[in-house]
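Please consult the sequence and the structure shown below while reading.

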Amino acid sequence: GHGASSRDAMTDLTAAEALAVAPLLVASFFFGFYPAPISDRAGRVAEELGAAARVHSLTVPLDAKTATAPAPRP
């Protein structure tokens, strides 16, 4: 073949790059098999974001086409 083989390209990691990637791989595998810590925290954050979104939706949105506030619904 010509140029670098695909195997050479795959192993072309410096030590610093390998040290940066290794913890991410370990974390990916760990949380892939044991996702509870992330799911629990993500659930709480999602609830907080949902509450914030509900509060935000109470503010009157502007209609983009006419740039006026829509009439309030009864």
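Buried residues make up 0% of the 74 residues in the chain; buried means under 20% relative accessible area, exposed over 50%, and partly exposed in between (1.4 Å probe, protein chains only). The model is predicted: local features need pLDDT of at least 70, side-chain atom pairs count only at pLDDT 80 or more, and totals for chains, interfaces and linings use all residues. Residues are numbered from 1 along each chain as its sequence is written, and side-chain values use heavy atoms, with hydrogens and water left out.

The accessible surface of the chain comes to about 6,900 Å², and 68% of this area belongs to carbon and sulfur atoms. Such areas come from the Shrake-Rupley method with a 1.4 Å probe; for residues, only the protein chains shown count as cover.

The secondary structure consists of three helices and zero strands, in the order α-α-α from the N terminus on. Helices (H or I, at least four residues) and strands (E, at least two) are DSSP runs, numbered from the N terminus. The mean pLDDT, the predictor's confidence in each residue from 0 to 100, is 75 for the chain, and 62% of the residues reach 70 or more. Confidence is lowest in helix 1 (residues 6–10), at a mean of 58, and highest in helix 2, at 90.

Leu 25 is found in helix 2 (residues 15–33). Leu 25 counts as partly exposed because its relative accessibility is 47%.

How many aromatic pairs does the count come to? The count is two, where rings of Phe, Tyr and Trp (its six-membered ring) pair if their centres lie within 6.5 Å; planes under 30 degrees apart count as stacked, over 60 as edge-to-face and the rest as tilted.

| Aromatic pair | Centre to centre | Angle between planes | Class |
|---|---|---|---|
| Phe 30 and Phe 31 | 5.0 Å | 80° | edge-to-face |
| Phe 30 and Tyr 34 | 5.7 Å | 65° | edge-to-face |

Ring pairs link Phe 30, Phe 31 and Tyr 34 into a cluster. Phe 30 is partly exposed because its relative accessibility is 45%. Phe 31 is likewise partly exposed, at 30%, and Tyr 34 is partly exposed at 46%.
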